[in-house]
Amino acid sequence: MQKEKRFRRIFNSLSYLVKFFRMVWETSPKLMIANSFLRVLRAPIPLLQLYVGKLILDKIVSLNQGAELSYFSSFWKLIIIEFCLVVLADIISRLTNLADTLLGDLFTNESAIKIMNHASKLDFEYFEDSNFFDKLERAKSQTGRRTMLVTQVFTQFQDIIMVLFLAFGLIIFSPITTLILLIAITPTFLSEFHFNNKLYKLYRRQTVRRRLLDYYQFLGASDDTIKEVKLFGLSDYLIENYRKIADKFFLSNKKLLLSKTFWGGLFSVISVVGYYIGYIYVIYQAYNQHITIGGLVFLAGSFNKLKGQLEVILFRFSVIYQSTVSLKDFFEFFDVQPTPKSAKGLMFPTPMKIGFYFDNVGFKYKKSNSWAIRNLNLSISVGEKVAVVGKNGAGKTTLVKLISRLYEPTEGSIFLDGINLKEYDLEDLRKNIGIIFQDFIRYQMSFGENITIGNIAERKNIDKMILASVASQADSILRKLNINYGQLLGRRFPNGVDLSGGEWQKIALARAYIREAQFLILDEPTSALDAKSEYETFQRFLKLSSDKTSIIISHRFSTVRTADKIIVLMDGAIKESGTHNELLEIDGHYAELFNLQALGFR
């Protein structure tokens, strides 16, 4: 049963290798053909060199024994042939290394692009699943190993052909030495295969803790965390946690590596003994004059070369197997598919006529027993400015993610102009919704790129970029810092300029404006702005969104009081709904929170 499972595992690994080289072929068919051709051309050269060397030695012996002078001219011809073989081998090796490097670089780039492209198509909720993150981490982290695998397999292909040539030459002169050699190196191969398999299993088990190591390293040495690390004195604590996990890694790796070294050394001694048995046999053949001096050197050289190549091949087989097993992680990531595989759907209505309607919508996160939103009935009419307020965890941001279809409702339906939101084309839906989240990304790119990212199709439209910058007040940053739209932002790259939280938020708002969407969603859009900037921003927002439908999520009631409708969420359900004045008259939860916040400004 165990043997059957092992063979099945090996077969599956080889199937991954076929898929892998299909990807390599798609990367560059020309380089793959060139690489294969060069290696086939290179493979017989060692045997030819040994054989020409044999002929040269035999010529020298013949000349010393008084052979005719005609032997002398043929001797120099052999020297020239050997010289040409050496030069040819060097040229082919250099061209092969060039092909390997170019193909490896191309494949690294292509596989990275495939990972990014596939990740962008997956459901948002996958990125909140730790198991998915393990798959993603393994797919990304083994890029170097996959590039090496390309070279390893091509080199293995070349070496196998070389070994066949060497074995052919050796069998013609001495078949028994070939058999001795094969028997001698088999234990070493089995040992390497066994321990490499164990090392891969250990590596796979350590994925979660390895991510934790990376996280502690990020916390301890990052410009995003350095302020709190210094102020709270976290350095020693983070280093201690890192060391605990790293020490466990070291001990488990050390135990396995010591075992591998011991058994590998033992079987290596057996291989060396077998080699010298064969070597002594060849010397015995020469002593009894069954072969010439040139034949002795040829056999000894072939035997030594064959031994070395067989050891390398068998060792590389175990390494390739280990790498092909890890290909499972790579292809497992691509096996993860997005849930909503809707075909090309309806285009977003231009313009909207009715608006959005939530019909008894509920949503529950995976692996959660509680509902984030439940029994939600809500209408958002065309042109309406709707504010959503509530405590953290009330379901405000979840509501936004459902509208943009980052999530699909667990129960109930969302309608747009009377049609189920699922019927609309997902890409077109998102093009017509402009969202700025509270935790927006601060791209380490130019000032202009940070704006045009909001509508990447218009990245070359300078006029629209400037209009969006002015609309969000981001243009004031340019004047203040005396910089232009080409200025690199952030500290990650040289000559970058970092901005304050409020300045970054103005740039994020510009992304919403340049999108020219019919429906705007601002999730805590002014949380990092001062009171004056907040007031100015919202006056501009109200003016610019006068003909648009919008949702504003905010904790500041000075912001939401101007909304056409205010929704108070509590525990995923609508607690209260109405205008600012209507909710104050009710004297309920909204009024309580408003009055508490107002006290802070008195």
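Start by selecting Ser-28, which sits in the loop between helix 1 (2-27) and helix 2 (29-42); helices (H or I, at least four residues) and strands (E, at least two) are DSSP runs, numbered from the N terminus. You're looking at a predicted model, where local features need pLDDT of at least 70, side-chain atom pairs count only at pLDDT 80 or more, and totals for chains, interfaces and linings use all residues. Residues are numbered from 1 along each chain as its sequence is written, and side-chain values use heavy atoms, leaving out hydrogens and water.

Is Ser-28 buried or exposed? Ser-28 is buried, with a relative accessible area of 11% (buried means under 20%, exposed over 50%, partly exposed in between, using a 1.4 Å probe and protein chains only).

Next, hop over to an open sheet of four strands in the order 2-1-4-5, with antiparallel pairing (two strands pair if DSSP finds at least two bridges between them). Strand 2 (373-381) and strand 5 (419-420) stand at the edges with a single partner strand each, so one side of each has no neighbour in the sheet. Pick Gly-362 and you'll find its bridge partner, Glu-411, in strand 4.

Last stop: strand 7 (residues 519-523), where five of five residues are buried. Phe-519, Ile-521 and Asp-523 are on one side, Leu-520 and Leu-522 on the other. Strand 7 runs parallel to strand 6 (residues 433-436), joined by four bridges, and pairs in the parallel sense with strand 8 (residues 549-553) over five bridges. Click Ile-521: Ile-551 in strand 8 stands opposite.
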